[in-house]
Amino acid sequence: MLADGNFIELNQQTYPHCHLHRSNPNDVARTEGLTFICARQMSDAGPTNNWMAPADAKEKVRPLFEGAMKGRTMYVVPYILGPASSPYSKVGVEITDSAYVAASMRIMSRMGKPALDRLGSSDDFVPGLHSLGDLDPKRRFILHFPEEKLIWSVGSGYGGNALLGKKCFALRIASWMAHEQGWMAEHMLILGLEDPSGKVTYMAAAFPSACGKTNLAMMVSTLETQGYRVWTVGDDIAWMHIASDGTLRAINPEAGFFGVAPGTNIKTNPNVISAAHHNTIFTNVAITAKSHEPWWEGMDGAPPDGLISWKGAPWKPGSETAAHPNARYTVPASQSSSISDRWEDPAGVPISAIIFGGRRAHLAPLVYESHNWQHGVFIGATMASETTAAATGAVGVTRRDPMAMLPFCGYNMGDYFGHWLEMGSKLKNPPKIFHVNWFRRDADGKFLWPGYGENVRVLKWMLDRIEGRARATETPIGYVPEPSSLTLDGLSIPRETLNELLRVDPGNWMEEDQAIAKFLEKFGDRLPPALSQEQKSLTARLSSSSVATK
Ligand code: TSX
Ligand code: MN
């Protein structure tokens, strides 16, 4: 890869065994418009997915593979998703003509011999066929055949389109399998919150993009002196099964972190910064011309002199960023000092809380708890984030992203909501479901909550709720913390700010409720009746809007 230019060597003193890969400038992100669920019935892909009939898709895309690998090296990449010895893990085999994909899969999965050993002579694996093709987006297709558990991807070498174990298998194909087999494949981080006695409580959390999921998964607690610490099990995907004792057990199907670099620094995520100093592949970051060290916007202060942009040209301050906004690090999970000692537990970790969230400038309180599992599923199904980056269009537009699965649910999302409801009824003591919003602003546009390591205070409140210690106030949307039940010592948050963080405005929520009702219509007769009932109950509670202390 060094010889053919696929890799550029980084500074081997300060970044040992680290390399830079530059992708084609027209191939820098997942392409959802070119991603298809090829189920026999269009209705099984549902209203939120692109669909092609399986035979039509194969006929259309097969010619793009013909001769595509001529003169290239073909890599056969067997891999395990999940700990090698876990009954919940699954095997895939990816065929690819990209050395970058093969090298990345070695970090992101258990690749090679462990996978062949696990597979033996079994044919129980998900085949994935990948070719770079000619990288022309007009000849790019990411196809999923869930009924035969098959993936075809051509025309892109970018992570989520090309590392077929990640979004294609671990989320889209796996969510279909999970629906068939009675488990869950979710776009969730998994963390453990250690309390002063040393007991660890595990939580899984789903957020839309740009909410800092990886940062939360690897958070450095500001309550460490009080004995509260956060351990990382995973930062992106959770596979969750109901164990024989009725608990929900989560494994991380991945073995690495494929994270967005820009914005990552010693303050926002110290653990990943120190982890990504060795054995790391960087994609589309800038580098310093003299010392060959990676750089990106938001790493620290001003850009250093002599930067080479992600496109390989000398960079000058101006319109384009030095690193691509979607530049990435690919780093082994084991290298994070926050990694949980149970991150490879074959039995998974028991999940006590599920957290949904989003970026809401004025609507959602810092945290609230659902009345029960069914109400929690309604909260997840209707979660939304307001857009920030000017690059993605209008700022402040509300985008609904149910369970953060909109681009990743491999089947009809109405059926997916139904599956969530059914899972809850099978769990002996279902996890509590919460919603968080780190992004509420005051009238001047200032963030009300300091976020980052201080979020442990919100996690602690959840733990106290689970253990029956913390008091909450019932509101039309769920239970919000009684201000005194939040641990705020060492933080100087004025009482008015706290009230504003926890406020539920019935007027604003009535507007939200109308938007939710409209959104749910999209799922037609595949929407579980329980969710329309939840929506109607919300309307009723908002109308009467009585507030009582539980
Ligand atoms: O990741 C974030 N988290 C979770 C951290 C564990 N971000 C970054 C989001 C983009 C990926 C946040 N941004 C968080 C947060 O909790 N909160 C905010 C908003 C915010 C930004 C800057 C400040 C405070 C809040 N700065 C100061 O208060 C000085
Ligand atoms: Mn993700």
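This is a predicted model: local features need pLDDT of at least 70, side-chain atom pairs count only at pLDDT 80 or more; totals for chains, interfaces and linings use all residues.
Let me begin with the metal. The manganese ion, which is ligand 2, is coordinated by three named atoms, namely NZ of Lys 167, NE2 of His 187 and OD of Asp 236, at 2.2 Å. If you follow these donors along the chain, you will find that they keep the spacing K-x19-H-x48-D. Now, where do two of these residues sit in the fold? Lys 167 belongs to helix H6, which covers residues 165-181, while Asp 236 is in the loop between strand E14 (229-234) and strand E15 (238-242), so this pair ties together parts that lie 69 residues apart in sequence.

Let me turn now to ligand 1. Around this ligand there are 14 residues, and those that come nearest are Gly 212, Asn 215, Gly 451, Tyr 452 and Asn 455. Several of these names return when we look at polar contacts: a polar side-chain atom of Asn 215 is 2.8 Å from an oxygen atom of ligand 1, and an N or O atom in the side chain of Asn 455 lies 2.9 Å from an oxygen atom of the ligand. With Tyr 452, by contrast, it is a polar backbone atom that lies 2.9 Å from an oxygen atom of ligand 1. On its own, ligand 1 has 640 Å² of accessible area, and the protein covers 67% of that. Finally, the shell of residues around ligand 1 is made up of nine nonpolar, four polar and one charged.

Key
Residues are numbered from 1 along each chain as its sequence is written. Chains are lettered from A and ligands numbered from 1 in the order in which they are written. Side-chain values use heavy atoms; hydrogens and water are left out. Donors are N, O and S atoms within 2.8 Å of the metal (3.2 Å for Na, K and Ca); water is not among the atoms, so sites may look incomplete. Helices (H or I, at least four residues) and strands (E, at least two) are DSSP runs, numbered from the N terminus. A residue is near a molecule or strand if one of its heavy atoms lies within 4 Å of it. A polar contact is a pair of N or O atoms within 3.5 Å; within protein, one must be able to donate a hydrogen and the other to accept it, and residues adjacent in sequence count only if both atoms are side-chain atoms. Accessible areas come from the Shrake-Rupley method with a 1.4 Å probe; for residues, only the protein chains shown count as cover. Ala, Val, Leu, Ile, Met, Phe, Trp, Tyr, Cys and Pro count as nonpolar, Asp, Glu, Lys and Arg as charged, and the others, Gly among them, as polar.
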